[in-house]
Amino acid sequence: MATAEHIENPPAELGEGGVRRRDFLNIAAVSVAAVGGVATLFPLITQMSPSADVLALASIEVDLAGIEPGQAIKTTWRKQPIFVRNLTPQEIAAANATPLADLRDPQTLAERTQEGHGNWLITLAVCTHLGCVPLGAAEGENRGEFGGYFCPCHGSHYDTAGRIRKGPAPLNLEVPEYAFTSDTIVKIG
Amino acid sequence: MSFPWARQYDPKNPFMRWMDEKLPLPRLVYNAVGAGYPVPRNLNYFWNFGVLAGLALVIQIVTGIVLAMHYAASGDIAFNSVEHIMRDVNSGWLFRYLHANGASLFFVAIYIHMFRGLYYGSYKPPREMVWLLGLVIYLLMMATAFMGYVLPWGQMSFWGAQVITGFFSAIPLVGEEIRVWLLGGYAPDGATLNRFFSLHYLLPFVIAGVVILHIWALHIPGSGNPAGIDVKGEQDTVPFHPYYTAKDGFGVGIFLILLAIMTFFLPNYLGHADNYIPANPLSTPAHIVPEWYFWPFYAILRAFTVDLILPAKLWGVLAMFASILLLFFLPWLDRSPVRSGNYRPQFRIWFWVLVLDVLILGWMGGLPPEEPYVMISQVATIYYFAHFLIILPIVSRIERPLPLPNSITEAILRPGKGEQQAPPGMGSEHQPGDPEPRPAGQEA
Amino acid sequence: MVRLIAFLVGIGLVGVLAFSLITGAVNFIADPPQATVEHEFHEEPRDVAFASDGPFGHFDRQQLQRGFHVYRDVCAACHSLGLVTFRDLEQIGFSEAEIDAIAAQWIREVPSVNPETGEADTRPAIAADRIPAVYANEVAARAANNNALPPDLSLITKAREGGAAYVYSLLTGYQNPPAELPAENRPGPGLYYNPYFANLNLAMTPPLTADGQVAYAAGNPPATRDQMARDVSAFLIWAAEPKLEERHALGWAVIIFLIFATALAWLAYQNIWRDRH
């Protein structure tokens, strides 16, 4: 706006009298214009946030009935891949046997599952390093040195509880918010 | 450019001095729209509209970039993606309505700017190049506006694309091929939509480039003024900043209030209901018209109804293009040495007839092509061409202009006979004995 | 030279136009245009007030909810509302639980893919879904409606001249054709006379036929036909322009701010020009 400029160089020939009132008016006009300009930035910035239809898809339901122990499926939530794994007793035992002191991001398996559904490990399938999808959900894929997931992009190894054990990733695979609506239906988000 | 008394850029701050040595961009701005540009002191509010048109261009580019982030140029989803903007995108409705109504106010500003140029002889030497570049901007604006109107892919969008590209099929021999080439098909479709979107995004930046040339060309002779006489000395000018930046600030406020009223309370007033119906290639709306800013040209197009040597369709298209192209020759059609209409008593009469004539053409262009509207358009079109091609060259030869004031300062302090006859808002800035500078149009 | 060419071009164009004008005028006198029957019997939409009218307009949520019920129980049999999602109903005052129930019990299911076989299937709607389309495509819609196409109603109040008043007038405007209506303009089979419709004969069966057709909850005005037409028109204003209240509220804030800023700009302008007499 043109008003944003007009106080920088008050004409030199202005008389002494009334200078303060003049300056005040000009400063006020420019300040109000600046406030308007800043307020305009708000919609310009927020328009890039997720729109209402994207936010509305924030929860999904997954049917667990067909997943045998030892198997995992991939599904999507908020356009991100999700691993849902039915842990075998051996995998649970292996996870529980790991001392917390060995972990980069110490968490027990129990903290990463829900009570009464301790065999269901539900995590985002997004490596916490730089966002690749780790291997290990499908039959025959490389599950890494710790029998969980392995991210081929930069070599991060996750254990059977989806915890980071080796490689560059800083954190365990994230566990989304979810709730069991029945024994075989889980609502994520 | 510039007058010898123009202030020199003199940065005090060491960083600005460094900047001035390496890239004198602040100096450029200072000399273009800052204190370094001396401007006649008698400009009236009609001289606000260049800045307002520039502001409108900025608003269109900013809101357009936002809309492009959410819009999808595909025949199947374009319509729904616009509704997605209206319903789901944060503040999406605001940007869409600002963009749609901003386009209309852009044309309002441009038409008043052109009116100013026509009345005060801004197209005359030494400012012919300013006028020619302005017409280039106007043509680019029309192309941009038309392609933008196609993007929502409603009924008016589709049929507008069909009809406007149909102009080219009037060209003998190769017309139909050119039309098919423009559309990328035999009827408007996904290919058309995609290329129009691409060009609609490109052209505003071309316009911005031509605007820079337009301002550059203006700064060589300096701004004109309502008295139409040359600047004689320092007492005739004031620095652009702060005098005209302040005046433009006020103008900007009024412009934004109007834009806000349209956007928030009458967002669809200037639109067409049919454009909220998705494009349907099998059914044309009962009454198709372009947006209001094309109505005068639409009336000229439809005024030719009879085959005479050439087919009526070709006459209409030729005349429509001619009605704009003749403006490029205006500096050489009107050879009167007097610029301002204030001192041209006969020109002024014909000029106001022209204004009325264009308003009538606009009115007729928005109505269905039925009698008696077509006959009225024909009379109005006759006058339009006669005015520029026949009357203006003759008037400029036989007219005896009123005596011009000796200087701009004299025009302000002792308005001549011609000025007192000027219609409200057209005259000088101040009445005799009025100590306060009151803008034109505010006089009692 | 330029002026000579311009003069010749000008004379040429004026000549062609004058010829067109004379031809047109002769035809106009010899064969004056007749007013069409549509022109003569067609009526402009009736005046009807809605809470959302004008710069202070807002939505009457009770009315919108009643209008939604009319849409669901009457219009939705043939007319889609494809741009509105169930979650949007929260804006007109339904609770999340109510919306989940409305979506789950909707008269149509949402097309989906059977996860076992991959074949086309349907599933119950959820809040995030758009209101399911009535017909799979235009051909199906025409086949089911005697070759007439029931338009989607999402934008109907913006897509018709007259807006909601037109919708209201159309819904309440069914009547017997006037005696003086020429025979060729009388409604044929499957058509109904309605002077608010552009060509007077509408393929839509009169939708609101009896008072109390839609059951309104206690505390609402009686469900007369007029009231139902009003309510559903108000609901469709919301469906077409759900951001209307937000727009009005922001509009007032922006305009008051701009008036204040412009007044200051005016004062600053006067201030700066004061020394230039």
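Of the 189 residues of chain A, 37% count as buried. Keep in mind that this is a predicted model. Chain A has four helices and nine strands. From the N terminus on, the order is α-α-β-β-β-α-α-β-β-β-β-β-β. Now the contacts inside chain A. Take those between residues at least 6 apart in sequence: 52% of them join residues at least 24 apart.

Next, salt bridges. Over all chains, a search of the whole structure finds 23. Here is one in chain A: R143(A) with E91(A), 2.8 Å from N to O. R143(A) sits in the loop between β4 (120-124) and β5 (147-151) of chain A, and E91(A) in helix α3 (residues 89-97), so this pair ties together parts that are 52 residues apart in sequence. Are the two partners buried or exposed? R143(A) has 23% relative accessibility, so R143(A) counts as partly exposed. E91(A) is at 11%, so E91(A) counts as buried.

Over to chain B. The side chains of E399(B) and R344(B) meet in a salt bridge, 2.9 Å from N to O. This pair also links distant parts of its chain, 55 residues apart. E399(B) is in the loop between α15 and α16 (408-413) of chain B, and R344(B) in the loop between α13 and α14 of chain B. E399(B) has 8% relative accessibility, so E399(B) counts as buried. R344(B) is buried too, with a relative accessible area of 0%. And the pair belongs to a network: salt bridges link K124(B), D334(B), R344(B) and E399(B).

Now some backbone geometry. Most residues other than glycine have a negative phi, and most peptide bonds are trans. P126(B) is found in the loop between α5 and α6 (128-150) of chain B. Another runs from E371(B) to P372(B), with omega near 5°. P372(B) lies in the loop between α14 (345-365) and α15 of chain B.

Two leucines have a positive phi. L173(B) has phi near 70°. Its place is in the loop between α7 (155-166) and α8 (175-183) of chain B. L173(B) has 84% relative accessibility, so L173(B) counts as exposed. L200(C) has phi near 75°. L200(C) is in the loop between β3 (192-193) and β4 (201-202) of chain C. Here the relative accessibility is 0%, so L200(C) counts as buried.

On to the interface of chains B and C. How many residues are in contact? It is 65 from chain B and 55 from chain C. The size of an interface is often given as the accessible area lost when the parts come together. Chain B and chain C bury about 5,500 Å² between them, with 72% of that on carbon and sulfur atoms. In chain B, R87(B), Y243(B) and F265(B) lose the most area to chain C, together 14% of what that side buries.

What about the polar side? Between chain B and chain C there is one salt bridge. D88(B) forms a salt bridge with R87(C), and the closest N and O atoms are 3.4 Å apart. Several elements of chain B give two or more residues to the side touching chain C, including α4 (78-87), α5 (92-119), β2 (237-239) and α10 (240-265). α10(B) gives the most, with 16 residues. By class, that side of chain B has 45 nonpolar, ten polar and ten charged residues.

Last stop, inside chain C. Chain C is divided into domain 1 (37-84 + 130-242) and domain 2 (244-277). Their centres are 43 Å apart, taken over C-alpha atoms. Ten residues of domain 1 are in contact with five residues of domain 2. The area buried between these domains is about 670 Å², and carbon and sulfur atoms give 50% of it.

Two salt bridges count between the domains of chain C. One salt bridge is E241(C) with R247(C), at 3.0 Å from N to O. Both R247(C) and E241(C) are buried. The domain 1 side divides into four nonpolar, four polar and two charged residues.

That's my tour. Happy to take comments.

Definitions and conventions: Residues are numbered from 1 along each chain as its sequence is written. Chains are lettered from A and ligands numbered from 1 in the order in which they are written. This is a predicted model: local features need pLDDT of at least 70, side-chain atom pairs count only at pLDDT 80 or more; totals for chains, interfaces and linings use all residues. Side-chain values use heavy atoms; hydrogens and water are left out. Domain bounds come from an automatic or database domain assignment. Contact means heavy atoms within 4.5 Å. Buried area is the accessible area (1.4 Å probe) that two parts lose on being put together, summed over both. A salt bridge is a side-chain nitrogen of Lys or Arg within 4 Å of a carboxyl oxygen of Asp or Glu. Ala, Val, Leu, Ile, Met, Phe, Trp, Tyr, Cys and Pro count as nonpolar, Asp, Glu, Lys and Arg as charged, and the others, Gly among them, as polar. Buried means under 20% relative accessible area, exposed over 50%, partly exposed in between (1.4 Å probe, protein chains only).
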